[in-house]
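Please look over the sequence and the model below before reading the briefing. The points that follow are grouped by topic.

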Amino acid sequence: MNKIRFSTLCLVGTGWLLALFAGAPAQQRPPAGKSQPGKSQPAEGLSQVGEAVSPPRTTKDAKAKAPPAASETIAQFPTKDAMRTAWKVRWTTANGFGLVVQGAWFKKGPAEPWFQILGDARLSEMFVPYHSGSPRFWDVSYNFSLIHLTPRDAGPFGHLVGTPPVVCREIRDRGIAWVDGTEGSRRGETMVLWSCLNAANYRYLIEYGFQDDGTITFRVGSTGRNYGSREFEGHMHNGLWRVDVNLGGPDHNSAYVMEHLERPGEAAAATTVHRPFHRGREGHEDWDPLKFTMVSVRHAFMKNARGQPIAYDFVTPRMGNARHFGSDEECTQHDFWVTRNRKDEIYYQKLPEYVKNRESIKNSDVVVWLSTAGHHEPRSEDGEMKKDTFTGVTPVMWCGFDLKPRDFWDRSPLYP
Ligand SMILES: [Cu+2]
């Protein structure tokens with residue numbers, strides 16, 4: 001435990017130094033329809049204002065102008081007993097993308113090696129089109145900064161990280177993990193890293209949760225003040241994610257789709273189909289509520305002790321499938337996209353271009369892109385007009401997905 005606390009303390013950083021040199025970031029959204037993907041963002045999202053929170057280890061380091069490194073944190077579970085599992089997570093912050101995971105490794109047991117699950121994972125865009133057709137905001141592309149968090153934001157179990165503090169590291173009880181007739185029950189825990197993007201009138205909470213059972217949760221929460229003069233107009237919040245899954249390292253992963261099929265005329269029979277994503281080539285697939293569509297990333301040849309390929313599933317509980325029909329919105333026409341990992345390709349709006357060559361997504365370094373959209377039809381709960389001034393706040397609306405192990409374990413996690 002002391003080791004964990006020490007590493008947490010070590011996360012305080014040099015971000016403030018960089019911020020001093022860089023000045024205040026833009027806080028205004030551009031006029032509707034002026035988005036230019038890739039034009040206003042930092043290359044790789046890493047070498048810009050105040051994003052790094054790794055500490056200088058020596059005076060010499062502090063003076064060096066090396067690009068900021070990612071921070072690293074380790075969480076061991078259970079937090080109040082002998083270690084059973086652990087996560088090691090590298091992450092950084094950047095204007096625009098906010099909080100970005102740069103790598104995540106899981107330990108299935110005290111004697112097990114660190115096993116890589118994630119490479120770079122981020123909220124690639126937050127597309128917000130209003131029902132009347134305008135405005136249509138691409139909120140990541142405007143380079144918004146993260147808000148400074150307070151102990152009140154962090155709550156009783158959270159620790160603020162960095163200087164200024166823009167990230168919170170929090171251990172949460174996640175309720176009952178399993179119940180059975182012989183062993184009773186077990187409660188689960190998760191280590192959550194979260195930040196809050198200061199998107200003009202809006203605030204976007206970006207959360208990554210690393211559970212004791214190997215599951216990773218991705219969430220974006222929309223809150224803040226409804227858009228001035230359009231406080232009561234419906235709109236969408238398209239949380240658009242880029243996830244470089246690196247099972248056992250970057251190089252030998254394949255993308256699959258799993259579907260449940262049950263048709264009239266086949267009596268009570270149902271089947272589950274596992275097939276390569278988009279015939280094994282870069283492209284897109286759609287989420288079908290009748291098929292419970294699930295995208296999986298499998299290791300091309302590593303199997304668990306039971307001979308099953310090691311995999312992780314994208315589980316996407318959702319309000320619906322968003323489709324938008326303005327110019328340059330083709331990326332919203334599908335729910336899942338898979339590309340080869342090319343590190344400069346980080347802009348969701350450019351997906352149709354990224355998949356053009358239809359390269360193989362078998363036994364390679366694959367990236368899964370997915371949409372988790374929320375429909376925001378303003379409610380009285382969002383606020384009220386008082387003497388021509390809108391007051392109040394929109395309570396958080398969460399969207400997101402889970403990345404859940406499949407045949408990664410040989411047995412039930414955390415079972416006696
Ligand atoms: Cu909204």
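Residues are numbered from 1 along each chain as its sequence is written.

**Confidence**

- The mean pLDDT of the protein is 87, and 83% of its residues reach 70 or more, where pLDDT is the predictor's confidence in each residue, from 0 to 100.
- Over residues 1-27 pLDDT stays under 50, and the model has 60 contacts beyond four places in sequence for them; two residues are in contact if their C-beta atoms, placed from the backbone, lie within 7 Å.
- Over residues 32-67 pLDDT likewise stays under 50, with 86 contacts beyond four places in sequence.
- Where pLDDT is low, the predicted coordinates should not be read in detail.

**Overall make-up**

- The protein has five helices and 21 strands, which are DSSP runs numbered from the N terminus (helices H or I, at least four residues; strands E, at least two).
- Of the 416 residues, 41% count as buried, a residue being buried if 20 or more other C-beta atoms lie within 10 Å of its own, exposed if 12 or fewer, and partly exposed in between, with C-beta atoms placed from the backbone.
- Among contacts with a separation of 6 or more, 66% join residues 24 or more positions apart.

- Histidine 159 stands opposite arginine 169 in E7, and in the hairpin of E6 and E7, with five residues between the strands, glycine 162 takes a positive phi near 95°.
- E7 and E8 pair in the antiparallel sense over ten bridges, form a hairpin with three residues between them, and include the bridge partners isoleucine 171 and, in E8, methionine 191.
- Glycine 188, found in strand E8 (residues 184-199), counts as partly exposed because 19 other C-beta atoms lie within 10 Å.
- Glycine 188 is twelve residues from isoleucine 176 in sequence, with the two 6.0 Å apart in space, C-alpha to C-alpha.

**Nonpolar core**

- The largest nonpolar core has 87 residues, of which Tyr204, Ala255, Val338 and Val368 touch the most other members; such a core is a set of buried Ala, Val, Leu, Ile, Met, Phe, Trp, Tyr and Cys residues joined through C-beta atoms within 7 Å.
- Leaving aside neighbours within four places in sequence, the contacts of tyrosine 204 include Met126, Cys196, Leu197 and Val220.

Conventions. Predicted model: local features only at pLDDT ≥ 70, side-chain atom pairs only at ≥ 80, totals over all residues. Pairing = 2+ DSSP bridges.
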